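Me: I have a model open here and would like to go through its contacts and local geometry. Shall we begin with the chain as a whole?

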Amino acid sequence: LNYILTEQKARKYAVIENEFGSVGVDDQLVRNKFKDEEDVVEMNNGCICCTVRGDLIKTLKRIQKLIVGGKKLDGVIIETTGMADPAPVAQTFFADDDVASAFRIDGIITVVDCKWIVERLKEEKQGENEAVEQVAFADVLLLNKTDLVDKKRLEEVKKQVRVLNSEAKMIETKYSRVDLGEVMDIGGFSLDKVLQKDEEFVNFDQEHEHDNSVSSCGFTLDGELDMGRFNKFIQKMMVEKGVDLYRSKGVVAIEGMAKKFVFQAVHMLFGGEPTVDWKRGEKRTSRFVFIGKNLNPKEIKKDAEACIAKSSDQAAAEEQFAFAGSGDGYKA
């Protein structure tokens with residue numbers, strides 16, 4: 001999403017961000033790309049495919065009113081949580097008459113993590129396997145992190161994905177970089193094709209069942225964090241919890257650092273970098289979100305709180321800026 005918003009300048013989009021937990025991070029990652037605050041809508045504390053689905057309808061109607069009022073928008077980009085089943089989200093555009101008359105679905109884009117997707121597809125869960133649903137329902141499949149797997153692994157990924165979805169366009173990418181013409185204005189979604197695969201698609205009373213063993217731990221800390229202690233905290237999370245951590249992300253205020261430090265991780269694969277400057281007068285807070293199995297929110301927050309700095313020393317912060325990550329930038 002960041003790549004799309006950075007690379008294209010000619011068109012104007014509204015973005016709807018959905019977070020599985022109560023604390024949001026993704027909106028902070030994209031909000032600086034917009035001049036108008038109203039162009040980014042954050043929907044927290046529930047999955048857009050079920051618990052906050054009604055909020056999606058309200059949000060779309062609000063965007064439609066802005067358009068009628070003269071606001072120029074070329075489209076709406078919806079970024080769901082990694083735990084979302086895309087089918088109920090697509091149903092939303094047919095279940096409500098006002099939404100159906102104002103919007104059409106252009107395409108469903110699924111980013112496939114080549115490093116971990118085979119394990120995720122085979123995983124047995126209490127409810128639906130969202131990875132399977134996301135691959136099967138896609139119009140375009142972006143096979144990402146191709147630089148982190150060998151040819152044999154990549155071929156295995158393609159084979160597994162093709163079993164679930166033989167028709168979607170498949171594009172190999174690194175850092176999700178792709179020709180925007182391959183993912184925007186593609187006219188990829190077809191209700192007729194969907195109904196051929198799933199006659200129950202128009203049954204709007206169906207409910208999506210999440211795996212109860214998967215949860216989200218999100219929290220906000222006031223004040224700046226000591227870089228050394230923060231580094232140890234992240235390393236501990238990756239080593240001790242990495243196997244169960246589906247997703248980790250955060251926007252962090254580091255003591256003595258003028259820029260916001262943004263990190264993202266999938267299991268033990270970690271990447272992070274300083275991004276935009278903190279604005280003058282902006283409150284220095286850090287946001288964390290961890291999604292995975294068997295998480296202990298109280299323990300995780302307590303360990304993070306131990307990172308809060310007692311004093312400010314820019315030289316020390318810069319000296320300690322050496323993360324034992326997996327590579328440069330956003331590999332997660």
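Reply: Among contacts between residues at least 6 apart in sequence, 78% join residues at least 24 apart in the protein chain. Please note that this is a predicted model.

Me: How many helices and strands are there in the protein chain?
Reply: The protein chain has 12 helices and 11 strands.

Me: And what share of the residues counts as buried?
Reply: Of the 332 residues of the protein chain, 48% are counted as buried.

Me: Let us turn to helix packing. At what angle do H10 and H11 pack?
Reply: Helix H10 (residues 227-241) packs with helix H11 (residues 297-305) at about 150°, and their axes are 10 Å apart. An angle over 145 degrees counts as roughly antiparallel, and H10 and H11 are therefore roughly antiparallel to each other.

Me: Which residues meet there?
Reply: H10 contributes Phe233, Lys236, Met237 and Lys241, which meet Glu299, Ile300, Asp303 and Ala304 of H11. By type, the residues of this contact comprise four nonpolar, four charged and no polar ones.

Me: Now the aromatics. How many pairs does a search of the whole structure find?
Reply: The search finds 12 aromatic pairs. One of these is formed by Phe230 and Phe263, with 6.0 Å centre to centre and 55° between the planes, a tilted arrangement. Phe230 belongs to helix H10 and Phe263 to strand E9 (residues 259-266), so this pair ties together parts that are 33 residues apart in sequence.

Me: Are Phe230 and Phe263 buried or exposed?
Reply: Both Phe230 and Phe263 are buried.

Me: Which residues make up the aromatic cluster?
Reply: One cluster is formed by Phe219, Phe230, Phe233, Phe261, Phe263, Phe270, Phe288 and Phe290. Phe233 is also among the H10 residues that meet H11.

Me: What lies over the face of Trp278?
Reply: Lys260 lies over that face, at 5.0 Å from the ring centre of Trp278.

Me: Change of topic: where does Asn144 lie?
Reply: Asn144 is in strand E5 (residues 140-144). Asn144 has a relative accessible area of 8% and is therefore buried, the cut-off being under 20%.

Me: And what does Asn144 touch?
Reply: Leaving aside residues up to four places away in sequence, Asn144 touches Val111, Val112, Asp113, Cys114, Thr173, Lys174, Tyr175 and Ser176.

Me: One last residue. Where is Asp96 found?
Reply: Asp96 is in the loop between helix H4 (86-95) and helix H5 (97-102). With 15% relative accessibility, Asp96 counts as buried.

Me: Which residues does Asp96 touch?
Reply: Not counting residues up to four places away in sequence, Asp96 touches Ile57 and Lys61. The C-alpha atoms of Asp96 and Ile57 are separated by 7.7 Å, although the two residues are 39 apart along the chain.

Note on methods. Residues numbered from 1 in each chain as written. Predicted model: local features only at pLDDT ≥ 70, side-chain atom pairs only at ≥ 80, totals over all residues. Heavy atoms only, no water. Axes fitted to C-alpha atoms, helices over the stretch in contact; angles between N-to-C directions. Helix = DSSP H or I, 4+ residues; strand = E, 2+ residues; numbered from the N terminus. Parallel < 35°, antiparallel > 145°, perpendicular 65-115°, else oblique. Contact = heavy atoms within 4.5 Å. Nonpolar A, V, L, I, M, F, W, Y, C, P; charged D, E, K, R; others polar. Phe/Tyr/Trp six-rings, centres within 6.5 Å; stacked < 30°, edge-to-face > 60°. Buried < 20%, exposed > 50% of the residue type's maximum accessible area, 1.4 Å probe, protein only. Lys NZ or Arg CZ within 6 Å of the ring centre and 35° of its normal.
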